[in-house]
Amino acid sequence: MNMAAHFSHFSYIVTVLLMVAGLFIVIARGNLIKKLIGLSVFQTSVYLLYIAPGKLIGGTAPILAPQFSVYSNPLPHVLILTAIVVGVATLALGLAIAVRIREAYDSIEEDEILALDHTAADAQGNGSP
Amino acid sequence: MTLAAHLPALQVVLPLLAAPVAVLLRRGGLAFAVVTAAAWAAFATAIGLWLQIGQGGEGHVISYHIGSWPPPWGIEYRVDRLSSFVLVLVSGMAALVLPYSRSSIAREIAPENHYLYYAMFALCLTGLLGITITGDAFNIFVFLEISSLATYVLIALGRDRRALTAAYQYLIMGSIGATFIVIGIGFLYLMTGTLNLADMAGRLGAIESSRPVLVALAFLTVGISLKLALFPLHQWLPNAYTHAPSAVTAFLAATATKVSVYVLIRFYFSVFGESLVFDQLPLPQVMLGLSLCAMFGASFVAIFQNNLKRLFAYSSVGQMGYITLGLSFDSVNGLAASIVHLFNHGIAKGAIFLLIGGIVAASAARGAVSPAPTFANLAGLAKRMPLTCFGIVLGGLSLIGVPGTAGFISKWYLILAALEKGQWWLVGAILLSSLLAVAYVWRFVEVAYFRAAPPGQDARGEASPALLIPAWLLVAATIWFGLDTSFSLGSALDAAQHLVRTGR
């Protein structure tokens, strides 16, 4: 086996690692900012999942010319440009909400926020507000 | 080409254009006028499409090529019986909720944010309509994110600070769900080389049980289930519905999860096909189990809630169980029950949440933040607000499935489907879970009708007509569609027959 064969699955391995790592951060961390970072890592892994198979080794941009016969697929790039925009918008909105939460609760730790909600609910005298 | 030929594009473009216009106008009243006009135009468009489908005869499909690029190269908008039915539900709810919003958000959202509320509402409507009408897999994801991002903002607009945490929680869960969906679509694209759903279905036939296709099915199922709040994935829903502004809750409860159900039906029946989803995999059994958990678990939890909005939010999770239960049967009657319940539950729950919004608005002194609609605040409400309470009771009867209300029709078809499969015990389960609905609706009846009002609180009157009329139109619709089912059940049966037989 030559080196190229060894590395043929490299992008998939990186994709899966990023995917699992991102999802783990979202689930395991209580800090609202860290959760958003995890979410971004998770979304980034998808970019790789789409982009990597679209690239052919030695392929060029799909502009028809007599001297080229191998082209890379441009569609995944276009799709992922859209997905990147969506990811940025999600991150921006998430951070904006985190800022508002910080203003309202004076904390960005999930457990502290939950505790504040519970004490507020107890003060009102109803268990599940 | 006449205007009628461009209805599929107008369906999405009108609310999409209304959003930036609303932002530019920067005045609550003007933004309201623009977005409401767009929503009514979208409703008219949806009805126009529904009529066109009806005129086209058996199995007619409207295919609209965006930019005149023929599918599978270009993006295709595809309207059939099922999608036109969902379009009517979504745009109709928007057309009713928007006029209601005007006086509802006056007390719940700061006046300087009103124009943003209308812009976000228009974007949310655009996304939901786009998901329903598009025939392109990646387009589904883009529209899903448009509607989801707008939804997070709408929820965060609630006055209570817990609205922020609810919106954040929903953002995390919703983004994970959407990313799962896009991973699933990615695998399908890698295997078929196409994003057009109809084209994809044709190409999947040869490779249907290869591993990447199964992985795609798994990712799509989990992702969409998160969005539709299938039982163990429903954690975001109760908080989001409880703390969002009343009008937002009503709109989301009636449309957002329903559109997700539509996407699930589309992928299961039109793309993957029943032989893969229902014959080769244990998916029907899993879905049956989860549906039963939702029907019993969530309805049971609903009984013990003290906040009326939260009670009906848990009830929504339970009612989603009936919809997925119908799906799991893989029969014409089962699928028809799902589709018709999607509509019937949408209008009943929309009516209930609109009426609760009326209670919230009426119980606040002018300018003050309204108290939460907890049972402690609702004692003797029926004396103060007889129309509102009676409306909630009628909506509740539809949730229970009493004959004469729309909910009965869906339960009847669910039971028919269960009997077809020879599963008698399921009939018992459906009836038993309806008793749980009786219990939580009765809690409201008991507090509102049989408890004495606290002294000094029996003078205040009904909610304003601007709040009551849209809500009562929906209440009337739950009764109407319980008696005359030619639109709701007719469309659902027609759609189900085509989906189950041919996947189109």
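This is a predicted model: local features need pLDDT of at least 70, side-chain atom pairs count only at pLDDT 80 or more; totals for chains, interfaces and linings use all residues.
1. The interface between the chains. In chain A, 37 residues are in contact with 35 residues of chain B. The two chains bury about 3,200 Å² between them, and 75% of that area lies on carbon and sulfur atoms. Zero salt bridges are counted between chain A and chain B, while five residue pairs are in polar contact, both residues being at pLDDT 80 or more.

2. Which elements of chain A supply the side that touches chain B. Helices H2 (10–28), H3 (32–54), H4 (75–105) and H5 (110–124) of chain A each give two or more residues to this side. The largest share, 15 residues, comes from H4(A). By residue class, the side of chain A that touches chain B divides into 26 nonpolar, eight polar and three charged residues.

3. Helix H4(A) and its end. H4(A) has 31 residues and reaches 44 Å from its first C-alpha to its last, which is close to the 45 Å expected at 1.5 Å a residue. The residue that follows H4(A) is A:Asp106, with a positive phi near 65 degrees. The side chain of A:Asp106 also meets that of A:Arg102 in a salt bridge (2.7 Å, N to O). Of the two partners, A:Arg102 is partly exposed at 45% relative accessibility, and A:Asp106 is exposed at 60%.

4. The salt bridges in chain B. The count over all chains is eight salt bridges. One pair is B:Asp494 with B:Arg81, at 3.0 Å, N to O. Because B:Asp494 lies in helix H21 (residues 488–502) of chain B and B:Arg81 in helix H3 (residues 81–108) of chain B, this pair ties together parts that are 413 residues apart in sequence. B:Arg81 counts as buried, at 13% relative accessibility. Another pair is B:Arg451 with B:Glu446, at 3.7 Å, N to O. Here B:Arg451 is partly exposed at 41% relative accessibility, and B:Glu446 is partly exposed at 31%.

5. A buried serine in chain B. B:Ser410 is found in helix H18 (residues 406–420) of chain B. Its relative accessible area is 1%, so B:Ser410 counts as buried. Leaving aside residues up to four places away in sequence, B:Ser410 touches B:Ala337, B:Val340, B:His341 and B:Asn344. With B:His341 there is also a polar contact, side chain to side chain, at 2.9 Å.

Conventions:
Residues are numbered from 1 along each chain as its sequence is written. Chains are lettered from A and ligands numbered from 1 in the order in which they are written. Side-chain values use heavy atoms; hydrogens and water are left out. Contact means heavy atoms within 4.5 Å. Buried area is the accessible area (1.4 Å probe) that two parts lose on being put together, summed over both. A salt bridge is a side-chain nitrogen of Lys or Arg within 4 Å of a carboxyl oxygen of Asp or Glu. A polar contact is a pair of N or O atoms within 3.5 Å; within protein, one must be able to donate a hydrogen and the other to accept it, and residues adjacent in sequence count only if both atoms are side-chain atoms. Helices (H or I, at least four residues) and strands (E, at least two) are DSSP runs, numbered from the N terminus. Ala, Val, Leu, Ile, Met, Phe, Trp, Tyr, Cys and Pro count as nonpolar, Asp, Glu, Lys and Arg as charged, and the others, Gly among them, as polar. The expected span of a helix is 1.5 Å times one less than its number of residues. Buried means under 20% relative accessible area, exposed over 50%, partly exposed in between (1.4 Å probe, protein chains only).
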